[in-house]
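Hi there,

Here is the structure I promised to pass on to you. Please open it alongside this email, and my notes follow below.

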Amino acid sequence: MINNLIKFVTLTLWLLPGIIQAQTSTSNIVTTDVCVYGGTSSGVIAAYTASKMGKRVILVEPGHRLGGLSSGGLGFTDIGNKYVVTGLARDFYRRIGTHYGKLEQWTFEPRIADSLFNDYAKRGAFKTLYGKRLTQINKKQNLIISIELENSDRANTKKELIKAKQYIDCTYEGDLMAKAGVSYTIGREANATYHETVNGVQLKNEHQFPDGVDPYKMPGKPESGLLWGISTGILAEMGSSDKKVQAYNFRICLSNDPGNRIAITRPANYDSTRYELLLRYLSIKPTDNLGGFLKMDLMPNHKTDINNNGPFSTDMIGMNYDYPDGDYQTRSVIIQKHEDYTKGLLYFIGHDTRMPEQLRKQMLEWGYPKDEYLDNKHWTPQLYVREARRMIGAYVMTQANCQGREVVTDEIGKAAYTMDSHNAERIVVNGMAKNEGDVQLRDGVNPYPIAYRSITPKSNQCGNLLVPVCLSASHMAYGSIRMEPVFMVLGQSAAVAADMAINQKSTVQQVNIKQLQGELKNNPLADGSTPEILVDNDDATGVIKNGDWKQINNGGYGPSYLVNTKSASAWVQFIPAISKAGKYRVYVYFPKLQNASTITNVELFNGVKRINTVINTKDMMVTGQTSGEWLWIGDSSFAPGKEASVKISNARANGAVVADAVLFVPAK
């Protein structure tokens, strides 16, 4: 009788609308509309979007920090082409820009990103559960009914049940997806699987040891054993499949400001033998600066974002194979080993007397920043999990999509980065140390659409789950898509789709794609505000050309840009379609060209008055992985219609003149 009463009360609470908590002897039960699992950059944007769409939202973060890699050290943003960064992703980089006094900024300090992600959480007013991780999922047929959580530190065995209508897995690992019984893969497919050319095992020349690096503890003596970090594996057939995972590392924030610098001391578990290969590499290919083996990109306020560079660096090659499918303890051990290796490497460079003196001196100029990661001893808590599980969903993105040979129509975002894979193993080839797995295919990768079907599971597997991070893509296509701005774009798209599925009482696979695309286009900030107006040179209906212009398909904003190098009069007119009257700030995009004219004549016409401006591009500073910058040409009020325009001409030019894109930003 009592047991039946408890079951009745529990069921009743589950069926009540809104967010409701009830405590039983074993768990708390929480009901909501949308549950986002994973507080990565994608997860924060997804939760914010769903909340702005009027849904009750819970964001579950297994750790204690929001933003994932975007607040965890990756300040040197991987963009590819800023054209693909839309909606709230673009809003994030605009807010970064506001902090640093610019329209937008692509290099930043971790603490600034951290504050912004917390601001999204505050403005979104959604509930965030920190320090909670997934233990199991309850399903009925192809729908998730609830998920069960435990404390990440396991200090308290009290469970928490989250019952939602829609779930979004925004983790780098795809944990919710996997426990939901959705098909996924790990590692590299054979080239033949999706008719690709750069998938599978690849032995290439970038981030590679030069010939002559001896792999044995005693040079020339295989019987002495292999140096640390070298596998006993044998090089497999090129293009063949395996379950090896591209290397992970930490994106390292250091400071060379004496007032904000903590010395790099000998870490626990230090072992100098792990770095013998670095010494052997430098003996064959010496360098006089740290950039020879550390990618030290400078961030504001005397800080860095250090990434892997070369054959022996911050990537811990071959040490992460058990991570994607590993339990929490397995992953914790792998993360700690990566931290030990990385901190040990920094200490080794600065203190081991076998390192060249000038490199030791340079390293000692850097230290851990006092004002970063205050709750984690000034070290990022976020391992760079470049790739873990990848869903096998309703559609698989492949190399053909990246190179524009296959174009989807159910677009919910774009990508544009190089097909990029870090090394997956370090082996002996012909008696020499070699890395295998690095691929950086730049050719033919222009902005391309990502399919909605690639973030949805197969309909018979799960109907109320979206996966914008561990999406459905081959290893090499994922290498192009897996960038933080794109994850934010896809997180927003997933949240809008989840909102529509709830409203329509449908599965995510049944969402009307045209309606979804319209909402993303017309309400890009998810708050009903007036959208920006972009006119790109590739917009056939909004551009008029006169004179001799050459189309360049790489390095600008969007698919292409136009260049004039002739003296005869030439101009390009950009015509916006103004839908809402008001004041707009107007910008023109200028790619950085070596032979560019230092002056460019621009005419802004608001439908009544013409304003002529001469833009001096000589002092234009381009920072980060971007081809150029937006330069402001003026503010003006505009009436609805297509009377306004911006005209770029080659008048008085002393070099190449670029006509690429024009942006109208509603003034605040």
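Cys 170 has a relative accessible area of 0%, so this residue counts as buried. Please keep in mind that the model is a predicted one. Cys 253 is buried too, because its relative accessible area of 5% falls under the 20% cut-off.

For Cys 170, the nearest cysteine sulfur belongs to Cys 470 and is 9.7 Å away.

Now to the aromatic rings. The count comes to 24 aromatic pairs. One of them joins Phe 92 and Phe 117: the ring centres are 4.7 Å apart and the planes meet at 20°, so this pair is stacked. It links distant parts of the chain, since Phe 92 belongs to helix H3 (residues 87-100) and Phe 117 to helix H4 (residues 110-124), with the two residues 25 apart. Both Phe 92 and Phe 117 are buried.

There is also a cluster for you to look at: ring pairs connect Trp 228, Tyr 270, Tyr 275, Phe 312, Tyr 341, Tyr 347 and Phe 348.

Finally, which charged residues sit over a ring? Among them is Arg 123, whose charged end is placed over the ring of Tyr 120, 4.7 Å from the centre. Another is Arg 389, which lies over the face of Tyr 184 at 5.2 Å from the ring centre.

Methods: Residues numbered from 1 in each chain as written. Predicted model: local features only at pLDDT ≥ 70, side-chain atom pairs only at ≥ 80, totals over all residues. Heavy atoms only, no water. Disulfide = S-S within 2.5 Å. Buried < 20%, exposed > 50% of the residue type's maximum accessible area, 1.4 Å probe, protein only. Phe/Tyr/Trp six-rings, centres within 6.5 Å; stacked < 30°, edge-to-face > 60°. Helix = DSSP H or I, 4+ residues; strand = E, 2+ residues; numbered from the N terminus. Lys NZ or Arg CZ within 6 Å of the ring centre and 35° of its normal.
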